[in-house]
Amino acid sequence: MPNFTRKAIQETFITLLDERPLNKITVKDIVETCGINRNSFYYHYQDLPALLEELIAQRVQLLMSDHPTIDSMEDSFDAALDFVLDHKRAVFHIYNSLSRDVFERYLMEVCHYVVATYIEAAFAGREDEDKNKEMLIRYHKCACFGHIIDWLNTGMKDDVSAYFHQVYALRLGWQDDEARI
């Protein structure tokens, strides 16, 4: 039953991450909580960073499969935020650890996916140059990533989704004002 053991290890690790910082979790903590031996852990994972990387990669793949289409830039931000909000405290612990780079790399991948999915659909059938689409994707991917990172840096206190929706509503208002001029 290697899949059962692997899943138990992952679930235990997530539970522990919800309780305490990453640097306070050991393989011993995981195996004792799971009721397995150390060899079983090392049969499935080389070390804790390998476990963490696999968990994040799986979550990214799940998010992408759950969002094959995206209808607005706000929805793309919400989809990227889903990646973080599922286990807010665990993400905060990962973000404030030596494994921050792994989290940031996958967060950027998520931001790129959700923004590109929306922009590709929004530009479907238009004659715009691919260069323009790529420029918009890059801009909005970085905005999405930056807002989430800023929110993490400020302790995840605000409703970042409401903030992002308001920013886009203001932006649309400015566009309407510019069109009237």
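Me: Is Thr5 buried or exposed, going by its relative accessibility?

Reply: Buried means under 20% relative accessible area, exposed over 50%, and partly exposed in between, with a 1.4 Å probe and protein chains only. Thr5 has 16% relative accessibility, so Thr5 counts as buried. The model is predicted: local features need pLDDT of at least 70, side-chain atom pairs count only at pLDDT 80 or more, and totals for chains, interfaces and linings use all residues. Residues are numbered from 1 along each chain as its sequence is written, and side-chain values use heavy atoms, with hydrogens and water left out.

Me: Where is Thr5 placed, and which residues does Thr5 touch?

Reply: Thr5 sits in helix α1, residues 2-19. Helices here are DSSP runs (H or I, at least four residues), numbered from the N terminus. Leaving aside residues up to four places away in sequence, Thr5 touches Ile36, Ser40 and His44. Contact means heavy atoms within 4.5 Å.

Me: How do α6 and α7 cross?

Reply: Two packed helices are described by the angle between their axes and the distance between the axes. Axes are lines fitted to C-alpha atoms, for helices over the stretch in contact, and angles run from 0 to 180 degrees between N-to-C directions. For α6 (residues 88-95) and α7 (residues 100-122), the axes come within 7 Å and cross at roughly 120 degrees. That makes α6 oblique to α7; angles under 35 degrees count as roughly parallel, over 145 as roughly antiparallel, 65 to 115 as roughly perpendicular and the rest as oblique.

Me: Which residues of α6 and α7 meet?

Reply: Val91, Ile94 and Tyr95 of α6 meet Arg100, Phe103 and Glu104 of α7. By class, this contact has four nonpolar, no polar and two charged residues. Ala, Val, Leu, Ile, Met, Phe, Trp, Tyr, Cys and Pro count as nonpolar, Asp, Glu, Lys and Arg as charged, and the others, Gly among them, as polar.

Me: How much space lies in the largest pocket?

Reply: Rolling a probe the size of a water molecule over the atoms shows where empty space is left. A pocket is an open set of points on a 1 Å grid over the protein atoms alone, where a 1.4 Å probe fits, with protein on both sides within 12 Å along at least five of seven lines; lining residues have an atom within 4 Å of a point. Grid points are joined across faces, edges and corners, and a volume is the space filled by probe spheres set on the points. The largest pocket holds about 420 Å³. Its lining has 20 residues, with Ile14, Leu55, Ile56, Arg59 and His87 the closest to its centre. α1 supplies the largest share, seven residues.

Definitions and conventions. Helix = DSSP H or I, 4+ residues; strand = E, 2+ residues; numbered from the N terminus.
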